[in-house]
Amino acid sequence: MDFRNFCAFHETMNSMSAKLLELNYMILKMIQEGYDLPKHYIWETEDMLMKGAVYFRLMRYKVPSKENNKEAGENGLVAHTDKNTLTILAQNDVEGLEMQTKSGKWIQLEIPHNAYVVIVAETLKAWSNGRLHAVNHRVKMKGDKERYSLGLFTMPKEEAKIEVPPELVDGNTHPLRYKPFTHGDFIKYFVSTLDENALDAFAGL
Ligand SMILES: O=C(O)CCC(=O)C(=O)O
Ligand SMILES: [Fe+2]
């Protein structure tokens, strides 16, 4: 890539990440409005859930080799839940992203051209008192085309205390599921255990 092309590419990536970040904030706001939370939460929750690092990643998935192809295409990304707040993904028109239903079945997404996928991550699940589901997902490559995806991942600050708003707690239908925790402690615990259910360690009172 020559320098001029590189600058144009850089500019496109910058304006795309800015737009996706805006969309990320907009979705969070819609979630809060959907729960009918008092207005002051909009700022407080943004501060709690969105003011840390923002990662914008381009991912490349190679065409599976012949041997792997025979074994139903093991290339891709292992099953996981995201550990940030909200993830927004875009892809070139090569499918491969799969989501696991609550009953354990894997479904391959058919993502329309130019569409985005929004994934609720673990911290947002905790904040919502488990009302929002952080879906288990993976990438399985099968065909003969490379797949590219672009992801924007928003995260709380390390020291941000994740607390369920009292409005989302209801003794009968939604008792408090997570004690307040800092995002840094959650990530430290996850990195040291690599336990996909790390959030459970912050459950209970
Ligand atoms: O590439 C994709 O579609 C998914 C990527 C992903 O799940 C991740 O990076 O956490
Ligand atoms: Fe993910």
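Helices (H or I, at least four residues) and strands (E, at least two) are DSSP runs, numbered from the N terminus. With cartoon display on, the chain shows five helices and ten strands. The radius of gyration, taken over C-alpha atoms, is 19 Å, close to the 17 Å from the globule rule (2.2 Å times the number of residues to the power 0.38) for 205 residues, so the chain is as compact as a globular protein of that length. The C-alpha trace spans about 55 × 45 × 35 Å along its principal axes.

This is a predicted model, in which local features need pLDDT of at least 70 and side-chain atom pairs pLDDT 80 or more, while totals for chains, interfaces and linings use all residues. Residues are numbered from 1 along each chain as its sequence is written, and chains are lettered from A and ligands numbered from 1 in the order in which they are written.

Next, select β2, β7, β4 and β5. They form an open four-stranded sheet in that order, with antiparallel pairing (two strands pair if DSSP finds at least two bridges between them). Zoom in on β4 (residues 97-100), which three bridges join to β5. Q100 has W106 in β5 as its bridge partner.

Finally, select ligand 1. Among the residues that surround ligand 1 are M59, D82, H137 and S149. β3 (86-91), β7 (137-140) and β8 (147-154) each supply at least two residues of this shell.

Technical notes: A residue is near a molecule or strand if its C-beta atom, placed from the backbone, lies within 6 Å of it.
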